[in-house]
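Keep the picture beside you as you read, and look for each residue when it comes up.

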Amino acid sequence: MNICLMDHYKIGYSAFANILLDRNFVPKIGDFGLVRIGGSSTTSTMAITENVYGTSVYMAREAFCGDVSVKLDAFSFGVVLLELLTGLPPYDTRREDRDLITHMESCDDILTMLDQKVIWNAQNAIALYKIAKQCLIPTKKQRPTIFEILPDLHKCCCEHSSIVEWV
C-alpha cells in the first residue's frame, strides 16, 4: 500500500511512530496501548473497562468513559489519515483549534489542506479524506469498523498505481 511510506515525515510523539514497515513496506502495528486480556470468546467486540490508556487525540469520546470496542480503531485510523493527508501533527498548541480533527472541521476542500511535500493524486486524496471523515464520526453507532472501510480503502489504494509521489 503506497500510502504507508510514512518514514518521510518527522512526526515526534504520534501514532505514526506505532506504524512500522517491514522490508516490503507492509505496515505492522507496533503498539497495542488499549490491548487488554479478556475472555476466550471469539465473538465479543466490546469491553467495558475503567482503565483506558492511549494518546488522547487518537481516542474517540466513548473511550474516556471506558467503552472500548473495535470502533476505536477506526477513529484512531481516521486521525492517522488526516495526519498523512495534511502533514500536520494531531495536536498543536500554535493552532487556534489545537486538535487536528477540530482544525479540519472547517475544511471545505481537502485539496487546499494537503501536505505540500507530497504530489497527491487528487481523486485518491479526496477518497482518503472521505474515509477519514467516516472514521471520525463522533457517534460510535454510526462510525464504521476498519473491516467496513476496507473495500473503500482497497479501491483507493490498491487499484491505482500510485497515490502520491514524494517531492
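This is a predicted model: local features need pLDDT of at least 70, side-chain atom pairs count only at pLDDT 80 or more; totals for chains, interfaces and linings use all residues.

## The core

The largest nonpolar core of the chain is made up of 34 residues. Those with the most contacts inside this core are Leu-82, Leu-85, Met-104, Trp-120, Leu-128, Tyr-129 and Ile-131.

Which elements give two or more residues to this core? They are helix 1 (71-86), helix 2 (100-105), strand 5 (118-120), helix 3 (122-135) and helix 4 (146-157). Helix 1 gives the most, with nine residues.

If we set aside its neighbours within four places in sequence, Leu-85 is in contact with Met-113, Leu-114, Asp-115, Trp-120, Ala-125, Leu-128 and Tyr-129. Trp-120, Leu-128 and Tyr-129 are also among the residues with the most contacts inside the core.

## Two helices side by side

Now turn the model until you can see helix 1 and helix 3 together. They pack at an angle of about 145°, and their axes are 7 Å apart. Their crossing is left-handed.

Which residues make the contact? On helix 1 they are Ala-74, Phe-75, Phe-77, Gly-78, Leu-81, Leu-82 and Leu-85, while helix 3 brings in Ala-125, Leu-128, Tyr-129, Ile-131, Ala-132 and Cys-135.

## The whole chain

The chain has four helices and six strands. Reading from the N terminus on, the elements run β-β-β-β-α-α-β-α-α-β.

How much of the chain is buried? Of its 167 residues, 37% count as buried. The accessible surface comes to about 10,500 Å², and 54% of that surface belongs to carbon and sulfur atoms. Among the contacts in the chain with a separation of 6 or more, 53% are accounted for by residues 24 or more positions apart.

## A buried residue in a loop

Ala-60 lies in the loop between strand 3 (46-48) and strand 4 (67-69). Is Ala-60 buried or exposed? Ala-60 counts as buried because its relative accessible area is 0%, and the cut-off for buried is under 20%.

Leaving out residues up to four places away in sequence, Ala-60 touches Leu-72, Phe-75 and Arg-143. Ala-60 and Ser-76 are 16 residues apart in sequence, and their C-alpha atoms are 7.6 Å apart in space.

## Two residues in another loop

Pro-89 has its place in the loop between helix 1 and helix 2. Its relative accessibility is 28%, so Pro-89 counts as partly exposed. Apart from neighbours within four places in sequence, Pro-89 is in contact with Arg-95 and Leu-100. Pro-89 and Leu-100 are 11 residues apart in sequence, with a C-alpha to C-alpha distance of 7.0 Å.

Tyr-91 also lies in the loop between helix 1 and helix 2. Tyr-91 counts as partly exposed because its relative accessibility is 44%, and a residue has to be over 50% to count as exposed. What does Tyr-91 touch, not counting residues up to four places away in sequence? Its partners are Val-57, Arg-98 and Asp-99. The C-alpha atoms of Tyr-91 and Tyr-58 are separated by 9.9 Å, and these two residues are 33 residues apart along the chain.

## One more stop on helix 3

Finish with Gln-134, which is found in helix 3. Gln-134 is partly exposed, as its relative accessible area is 32%.

Not counting residues up to four places away in sequence, Gln-134 touches Arg-143, Pro-144, Ile-149 and Asp-152. Arg-143 is a residue that Ala-60 touches too. The C-alpha atoms of Gln-134 and Pro-144 are separated by 6.9 Å, and these residues are 10 residues apart along the chain.

Key:
Residues are numbered from 1 along each chain as its sequence is written. Side-chain values use heavy atoms; hydrogens and water are left out. A nonpolar core is a set of buried Ala, Val, Leu, Ile, Met, Phe, Trp, Tyr and Cys residues joined through side-chain atoms within 4.5 Å. Buried means under 20% relative accessible area, exposed over 50%, partly exposed in between (1.4 Å probe, protein chains only). Contact means heavy atoms within 4.5 Å. Axes are lines fitted to C-alpha atoms, for helices over the stretch in contact, and angles run from 0 to 180 degrees between N-to-C directions. A crossing is left-handed if the near helix is turned anticlockwise from the far one by less than a right angle, and right-handed if clockwise. Accessible areas come from the Shrake-Rupley method with a 1.4 Å probe; for residues, only the protein chains shown count as cover.
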